[in-house]
Amino acid sequence: MELTPLDAIVRLSWLAAAVAFVIGLSRMNSPATARNGNLVSAGGMVLAIVATAVYLLFTPPSGSFNPIGWAVILVGIAVGGGYGLYSARTVKMTAMPQLVSLFNAVGGGAAALIAIDEYLRHSGVVPGLQENVATVLGIAIGSVTFTGSLIASGKLMGLRITPSRPVIIPGGRIITGLLAVIVVAGSLYLFTGNYSVAVMAAILAAALVFGVTMTLPIGGADMPVVISLLNSFTGTAVAMTGFVLNNPVLIIAGALVGASGAILTKLMADAMNRSILSIMLGGFGGGDSVAGAVAGPGGSVREVSLDDAAIQLAYASSVIVVPGYGLAVAQAQHNVRELAELLESRGVDVKYAIHPVAGRMPGHMNVLLAEANVPYPQLKEMEDINPEFDRCDVALVIGANDVTNPAARHPGSPVSGMPILDVDHAKNIIVMKRSMGRGYAGIDNELYSNPKTGMLFADAKQGLADLINAVKVL
């Protein structure tokens, strides 16, 4: 088919947008270039939208300008873009997983709606095999992503109708299995050259319910992994939509999101030493517990005063800071950077130990600390920092719970086998927490009953501010 000059310009713009996505994604691999990578990807998306709008303006599908259609498009861009800008600028770092999940739902739902519209346009005429397969997969995967992501976001928000604890549905696994059979059987029926709106509707309904029954039984601790998996589903659904619309930028963008989401899911599962299958079948993690308990079987907890903690930190040779979810909730990243700079001015060597899922999402803690201008070289990944705990004078744990629990080294524990930071190897340990509440795994932390551990009960932001003042007067 011979391309018009406009067709050629639009397709080259789509190709340039796809290249921007690839470059942007590669630059997100490092905290130093992540912000720039995000801007490059956003620029690619703007280019893709503008090129598509120009193409539709000068080559409308109906052959004539449709003001109603354009009004719907512009209103959708204004409302969706406006809400996206507002939510992205106002969201707290600790609520980022919920926001990502909502974005997953929007992406999956949009892909499913486009696939449904394209299927209904055929009006009884069976589409080609490639388009048929892509359409049905777009409907099924997009629908699962839509409802599954909404449930996942609700669990992380702790909504009453979607509590963070696992919600066991009577006969839930059988129901989920039957729904999967309906989706697969209906898809195969349509793949073999049949056109049926009723079967398509059955696939849609089963996939929507499947997303709910699949996600409800999963515990809160596993939810970030599920969100990453659903993000991969969203990318796959978008890629299928690209095949349906014969749009290369959607195919490339969807494939990138699908592949990166799958890789991230695998990395997160490995960081928790859990298989993706075991997570999807329901695992540990019933949400945060407020119950007070002795940390460790038969152990007792030693509380340390603010002045004692300040003396230990001020006169140490090396300090390793272990930031966690508690620090993120308190938005105490600027305080911890100020404390670190104060200690460094006294000749103390300060490093930060970053667990792969610190803050409950990979890269979450890196971004949080970068926001406070913490130098990148001080951020050490788990594999690099663990050998240094043996030579560390003081380990300062701020809100990190499950990722520091020595119980992970013992068989039979709910977190057994999960890679942890070797905080208990430090010569002295200070744990800053608001209370003795358990972490997302719902179990006590054996680190708290370690004789070397002193508990400093305080909100992370206020506690660090008090520590700073206490060190200054020494």
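**Group meeting: a parallel sheet and the helices on it**

Met 432 has Leu 456 of strand 6 as its bridge partner. That pair is my way into this model, which is a predicted one: local features need pLDDT of at least 70, side-chain atom pairs count only at pLDDT 80 or more, and totals for chains, interfaces and linings use all residues. Residues are numbered from 1 along each chain as its sequence is written, and side-chain values use heavy atoms, with hydrogens and water left out.

When I say helix or strand, I mean a DSSP run, numbered from the N terminus: H or I with at least four residues for helices, E with at least two for strands. Two strands pair if DSSP finds at least two bridges between them.

Strand 5, residues 428–433, pairs with strand 6 in the parallel sense over 5 bridges. In general, the strands of a sheet pair through backbone hydrogen bonds, either parallel or antiparallel. Here, 6 strands make an open sheet with parallel pairing, in the order 3-2-1-4-5-6. Strand 3 (379–381) and strand 6 (453–457) are the edges, each pairing on one side only. On average, neighbouring strands of this sheet are turned by 25 degrees against each other, direction ignored.

Now the helices. Contact means heavy atoms within 4.5 Å. Axes are lines fitted to C-alpha atoms, for helices over the stretch in contact, and angles run from 0 to 180 degrees between N-to-C directions. Helix 13 lies across strand 1 (318–323), strand 2 (349–354) and strand 4 (394–398), at about 150 degrees to strand 2. Helix 16, residues 460–472, packs on the sheet and touches strand 4, strand 5 and strand 6; its direction makes about 130 degrees with that of strand 5.

Which residues of helix 11 are buried? In helix 11 (306–314), they are Ala 309, Ala 310, Leu 313 and Ala 314, where buried means under 20% relative accessible area, exposed over 50%, and partly exposed in between, with a 1.4 Å probe and protein chains only. These residues sit on the same side of helix 11 because they cover an arc of only 125 degrees around the axis, the arc being that of the directions from the helix axis to the C-beta atoms. Their cover includes strand 1, helix 13, strand 4, strand 5, strand 6 and helix 16.

Last, two loop residues. Asn 246 is not a glycine, yet has a positive phi of about 55 degrees. Asn 246 is in the loop between helix 8 (223–245) and helix 9 (248–271), and is exposed at 55%. Gln 331, also not a glycine, has a positive phi of about 55 degrees. Gln 331 is in the loop between helix 12 (325–330) and helix 13 (333–345), and counts as partly exposed at 26%.
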